[in-house]
Each structure stands twice: as structure tokens, then as C-alpha cells.
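These are my notebook entries on one protein model. I record what I looked up, entry by entry.

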Amino acid sequence: MPYPPPRPPAPNGPSYCPRCHEPVIWCVTVNQRAQMVDHEPNPDGNQAVRVDHTGRWLVRQLTHERPTPEGAEKLHMPHVATCPVPAPRPRPRLAIPRGRQGVRPHRWQR
Ligand SMILES: [Zn+2]
């Protein structure tokens, strides 16, 4: 097959966190990325969640220009902030010693 198989679409709507299995809502951000928010609305949250006319769950972060939920938006907490099983941190890369290892010295270096 010349092309890799297509990735399954990101989940959208109420579901469960794949790490901690808590109920969450998968939403689409303004940048078309998938993001989990907690299932229960939280007035302390900073993510405004709404369902558009096609049934898609959308989320936007509150900003200085639009600091309050508008219309049917409800405030939720981002799930990454409350997930008890956080994503693993990327491993620090091993420092590769730089130097002249393996390089044959030239005549003037001997
Ligand atoms: Zn979780």
C-alpha cells in the first residue's frame, strides 16, 4: 500500500479518559486539536465548552478579549490539570560527549 492507513478520527463528545478512566468530554479546540475537559462543569475552569449545530463539541480558552462564557458555553476544567495519571514526561536526552573521539589526528596533531 503506497499510503499509510488513515488514523482513526479523534473522539468527540462525552467519553472516558484513556489514562484514568474518569468521565471526560473530548472537544475540538480552535486549532482543530482534540482536548479533554472534565465532564462536570466547573465555574473555576477556564475552558468554555459548547456544542455546535452539527453536534460537535468545541472548546475555547478564555482570553482577555473574551473573558466570560458566551451564549450556551459552559466553563469546564481542562482534564490535564486534574488527571491523577499524568502523561509521562519526555525522557531527558543523554548528553553525547563531544570531542575528538574516533577521529584520527592529523600529522601536526601528533
Ligand atoms: Zn485522566
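**Entry 1: elements.** In order from the N terminus, the elements run β-β-β-β-β-β-α.

**Entry 2: conventions.** I noted that residues are numbered from 1 along each chain as its sequence is written. The model is predicted: local features need pLDDT of at least 70, side-chain atom pairs count only at pLDDT 80 or more, and totals for chains, interfaces and linings use all residues.

**Entry 3: overall form.** The protein has a radius of gyration of 23 Å, well over the 13 Å that the rule gives for 110 residues, so it is more spread out than a compact globule. I also noted that the C-alpha trace spans about 80 × 45 × 30 Å along its principal axes.

**Entry 4: burial.** I called a residue buried if 20 or more other C-beta atoms lie within 10 Å of its own, exposed if 12 or fewer, and partly exposed in between, with C-beta atoms placed from the backbone. Of the 110 residues in the protein, 13% are buried.

**Entry 5: the core.** Which residues make up the largest nonpolar core? I listed eight: Val 24, Ile 25, Cys 27, Met 36, Val 37, Ala 48, Val 49 and Val 59. Such a core is a set of buried Ala, Val, Leu, Ile, Met, Phe, Trp, Tyr and Cys residues joined through C-beta atoms within 7 Å. β2 (23-28), β3 (34-38) and β4 (47-51) each give two or more residues to this core, and the largest share, three residues, comes from β2.

**Entry 6: contacts.** I counted two residues as in contact if their C-beta atoms, placed from the backbone, lie within 7 Å. Leaving out residues up to four places away in sequence, Cys 27 touches Gln 35, Val 37, Val 49, Trp 57, Leu 58 and Val 59. Among contacts in the protein with a separation of 6 or more, 53% join residues 24 or more positions apart.

**Entry 7: strand pairing.** Two strands pair if DSSP finds at least two bridges between them. I found β4 and β5 (residues 57-61) paired in the antiparallel sense over five bridges. In β5, Leu 58 is the bridge partner of Arg 50, and Trp 57 is that of Val 51. The two strands β4 and β5 form a hairpin with five residues between them, and Gly 55 in the turn has a positive phi of about 90 degrees. β4 also runs antiparallel to β6 (residues 74-76), to which three bridges join it; there Ala 48 stands opposite Leu 75.

**Entry 8: loops.** Most residues other than glycine have a negative phi. His 21, in the loop between β1 (13-16) and β2, has a positive phi of about 60 degrees. Is His 21 buried or exposed? I found His 21 exposed, with 9 other C-beta atoms within 10 Å. Gln 32, in the loop between β2 and β3, has a positive phi of about 65 degrees. Gln 32 is exposed too, with 7 C-beta neighbours inside 10 Å.

Terms used:
Helix = DSSP H or I, 4+ residues; strand = E, 2+ residues; numbered from the N terminus. Rg over C-alpha atoms; globule rule 2.2 N^0.38 Å.
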